[in-house]
Amino acid sequence: MLIHLLVKPGMAGVQDMSFSQDVESVRRAIRGELVNKIVYDDKRVCERLRTAEVDDDLVKQCYNSFLTDTSVQTAVNILKDLEVRANRHQGCVVEIDMYPYLTVLFDYIRNFSIPGNATGPLRDFRSSTGPLTSTDEHTLAFPTTRPGFSVVTAGVGDTKQWRDRHAFVEVKLAKGQGPRPQGSTPTAVHEIVAQAADYARLHVSARPFVLFSVGLLIYGSGFCVGIFDRAGVTFSPQKDMWDDTEDFIRVVRSLACELTAVELGQDPSVRELDRPTTERLTGLTGDEFYPSFLVDPIGDDGRRWCTIGHPMWSSLSLLGRGTIIWRVKAYTDAGLSETEMILKTAWRGSKRDPESAIYQTVKGTSGGLARYLVGGDVKDSRPDLRVSRVRRQQGWDPREDTVITVRSLRGDAVDAFAETPVLHRLIIATVGRPLWTYTSDLELLKGMRAALDGHLFLWKQGILHRDISAGNILLAANPDNAEPGHEGFLTDLEFARVHGEFFTSTTTRETVLSRDGLELMERSKTKFTTSSAQRGAAMTGTLQFMAVELLTAINATPTHMPLTVKQNEAHDVESFVWVLAYTTMRKLLSQEAPSLERQELKRLFEESYGQLTIDRILSTRISGTPFGFIHNSFLRRNILCNTSSPLRSAYNAFKNGVSFRSIRVPEIKIPGFTAFELGNLGGWTSERYTHEWLHRRLTGTIMLLEADLLNVKKAAEREGGGVEE
């Protein structure tokens, strides 16, 4: 779980730490994720859009008028001509040439009225005049991109914010550019699909509490609607605007005039508060204002929760967990409670134990572990808004199906054995901030040591975390007031496993967006079979922080061959080291430095943590590449001066203790460390990656830093005393 503290303008924050990939690389990754996750020609999409419920008389009269209106027919003829020219490759024809004429059609349909029908347009179709972005702090790393059209609230100003979009329209010139052109292979993911999915991931990330994104795809005269959710995309049957004009009218009317916010993806368990109420409750006004949302009770806790400010974190990925993190306070009619907590919403696999259930197995508390308050799967208090007519005919029982899942949203029949993402929510009582916002090396190392103690606390209870990453270790929100052992803490137990289990795994590899969506990373999907209940679901893990032994095993094994693996605490402990190196490099990249030096550090960072294949990642780990920046003479003057000598020495020790596994090295002359203390460097040993091993490394460095601080303090006191005399 990522819990980000608010970053004030001018401070080093997540916006300074991201390295955006080129659009084609991102969409290539999206194509890989969507393979076998696309459903075509699903009539339930039209049912969810309620197209059949659009007034029949209005549709017929609009169609008849459509055929005779001069401006409409002019637009139709030009659109037909553009498609012909595109198919024949005549002249320079581009998609934007279609926009003015599609605008004519959209406006005509949404504004059409008949006597006795009071339904007016709730939303406009607006062509994109420039890239869409997001100025909200949790989305400052958004790429600047734009769909052909946006569906926005009628009358709203010229906004470029993704969160102001209800839906989007993507446009291509010809039918051959559709989502499933003639001759497509079953696993093909075409450009328009990847492009629309790219827009959908930005939409659901920027628009708070949205469960799915709706996109109208127009390709020449062809069109269909796609609903993009956490399991993939479902497309309606493909139609033709000129042969199936009444169907086109129904789709446009539904999007513009009929559908509710919930039917366009808004979470039904959440309600947006009006601006005066939000300002009164939160005190946020002017430029600081951000809408607050009232969240239904979670689990068996009867309290409602009010979000404070913008999200602290929002995943940029479409598929997977879609984690979003908020600061919240308990809500009553009298106002908000004094205590601030953290609300996490994410999609879990239905075959995995809920994260809240794993937290509840923990006995006692640890300063190095996030303190769980309450959690549970999210229930739909208004199931009639999402249950299809087909499901009612199949004997749908609301008592059996109130939890929000992708299958329930799609209108699938209840099936306890079918795997599906389930919306899960929990409250964490510990507020923290990202590792890379540390203000001193001492704070960072104390935070890491506290989190390591939290990991040991779990391990002694037979719980192995298995997802140690830069996003799952947080620093205390107020470091100056943090008690010893509470300087940092470990979060996110979703992938935790009972210690000592052997599991059979079948591993596949793919290039996907990182959890925060800011980088491309190589990930593995491993199907595990264990003796634990509900532990056989697929686990996805980012390989950038994975132990060398696990990387070696995955890299050496064909993807179709089963591999028996015992994942143990040594692998997690090693991951702490890779996280530490990542954090330091990311912090240094946020600081001011000459352009050429920053480019060199960025190159080293991307070489260390931006590789897209397992063998390249493994190669950088064995060679110790993530520690190479501390020896780079070009960085010494303006960048490495921002790291302390004890921390650089510690990295030397970590490099030798983690990277070298087939050769012995001579004794290293680093104060406080010897080659013997680093363990047997001639092969894999259980000693080298123990908690005690890393705890000694961290504690030794902390002691040196504290001694340096004490010496500086004494020198200042002596200097001050001399002045007074």
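Begin by selecting arginine 110 and aspartate 107 in this predicted model, where the two side chains meet in a salt bridge with a nitrogen-to-oxygen distance of 3.4 Å. Both belong to helix α5 (residues 99–111), and because they are 3 residues apart there, about one helical turn separates them. Arginine 110 is buried, with a relative accessible area of 11%, whereas aspartate 107, at 27%, is partly exposed.

Next, move to helix α6 (residues 191–206) and select arginine 201 together with aspartate 198, which are 3 residues apart, so that about one helical turn lies between them. Their side chains form a salt bridge of 2.6 Å, N to O, and both arginine 201 and aspartate 198 are buried.

From there, select glutamate 494 and arginine 321, whose side chains meet in a salt bridge at 2.7 Å, N to O. Glutamate 494 sits in the loop between β20 (488–490) and β21 (497–498), while arginine 321 sits in the loop between β11 (304–314) and β12 (324–332), so this pair ties together parts that are 173 residues apart in sequence. Both residues of the pair, glutamate 494 and arginine 321, are buried. The structure as a whole holds 34 salt bridges.

Finally, go to serine 254 in helix α7 (residues 245–258), which counts as buried because its relative accessibility is 1%, under the 20% cut-off. A polar atom of the serine 254 side chain lies 3.1 Å from the backbone oxygen of leucine 49, and the residues that serine 254 touches include Arg50, Thr51, Val54 and Arg123.

How values were computed
Residues numbered from 1 in each chain as written. Predicted model: local features only at pLDDT ≥ 70, side-chain atom pairs only at ≥ 80, totals over all residues. Heavy atoms only, no water. Helix = DSSP H or I, 4+ residues; strand = E, 2+ residues; numbered from the N terminus. Buried < 20%, exposed > 50% of the residue type's maximum accessible area, 1.4 Å probe, protein only. Polar contact = N/O pair within 3.5 Å; in protein donor to acceptor, adjacent residues only side chain to side chain. Contact = heavy atoms within 4.5 Å. Salt bridge = Lys/Arg side-chain N within 4 Å of Asp/Glu carboxyl O. Lists of a residue's contacts leave out its neighbours within four places in sequence.
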